[in-house]
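Here are my notes on the entry you sent. Please read them with the sequence and the coordinates open beside you.

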Amino acid sequence: MNFNKVIISGRTTERPELKSLPSGQSVTNFSIASTRTWTDKSGKKQEQTEFSRCVFFGKTAETIAKFVEKGQVLLVEGRLQTRSWEKEGKKFYMTEIVGESFQFGERSKKAQQEGRT
């Protein structure tokens, strides 16, 4: 059996920006920071933050760009995809989450101060 499913929750590290592909389809990209905390063998609290790139297309991309602020908690469901490109003869790779759905979490402090939902 093959399975490619990602569920991640964290805070957005930037305000998503809406763009259009040459085909006219809407797209938005942003990063989510997820922090894992644990207690090590000596009893000291440890933290590790991972940053994950997310990309959404279509109406979902438009909704995210309209309502999501930097620092807002989101739960994202999607699949992992690695893309590659060449620049100046050097090959680059990026693995990102291609979003299929999302749920809003708590609002960012800025949005709360401005009274937005």
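This is a predicted model: local features need pLDDT of at least 70, side-chain atom pairs count only at pLDDT 80 or more; totals for chains, interfaces and linings use all residues.

How many bridges join strand β2 to β3, and in which sense do the two strands run?

1. The β2–β3 pair. Strand β2, residues 17–20, is joined to β3 by 4 bridges, and the two run antiparallel.

2. Overall layout. The protein chain contains 2 helices and 6 strands. Read from the N terminus, the order of elements is β-β-β-β-α-β-β-α. The C-alpha trace spans about 55 × 40 × 35 Å along its principal axes.

3. The β3–β4 pair. Strand β4 covers residues 45–57 and is joined to β3 by 13 bridges, again in the antiparallel sense. As a reference point, S31 stands opposite R53 in β4. These two strands also form a hairpin, with 5 residues between them. In its turn, G43 has a positive phi of about 90°.

4. The β1–β3 pair. Strand β1 (residues 6–12) pairs with β3 (residues 26–39) over 2 bridges, and this pairing is antiparallel. Here T12 stands opposite I32 in β3.

5. The core. Which residues touch the most other members of the largest nonpolar core? They are F30, F56, L74 and V76, in a core of 13 residues. At least two residues of this core come from each of β1, β3, β4, α1 (58–67), β5 (73–87) and β6 (90–104).

6. V76 in particular. Leaving aside residues up to four places away in sequence, V76 touches V6, I7, I8, I32, C54, F56, I97, S101 and F102. F56, listed there, is also one of the core residues that touch the most other members.

7. Burial and contacts. Of the 117 residues in the protein chain, 31% count as buried. Take the contacts between residues at least 6 apart in sequence: 56% of them join residues at least 24 apart.

8. Surface and charge. The accessible surface of the protein chain comes to about 8,200 Å², and 48% of this belongs to carbon and sulfur atoms. There are 21 positive and 14 negative side chains. The centres of these two sets lie 2 Å apart.

Notes. Residues are numbered from 1 along each chain as its sequence is written. Side-chain values use heavy atoms; hydrogens and water are left out. Two strands pair if DSSP finds at least two bridges between them. Buried means under 20% relative accessible area, exposed over 50%, partly exposed in between (1.4 Å probe, protein chains only). Contact means heavy atoms within 4.5 Å. Accessible areas come from the Shrake-Rupley method with a 1.4 Å probe; for residues, only the protein chains shown count as cover. Lys and Arg count as positive and Asp and Glu as negative; His and the chain ends are not counted. The place of a charge is taken as NZ of Lys, CZ of Arg, CG of Asp or CD of Glu. A nonpolar core is a set of buried Ala, Val, Leu, Ile, Met, Phe, Trp, Tyr and Cys residues joined through side-chain atoms within 4.5 Å.
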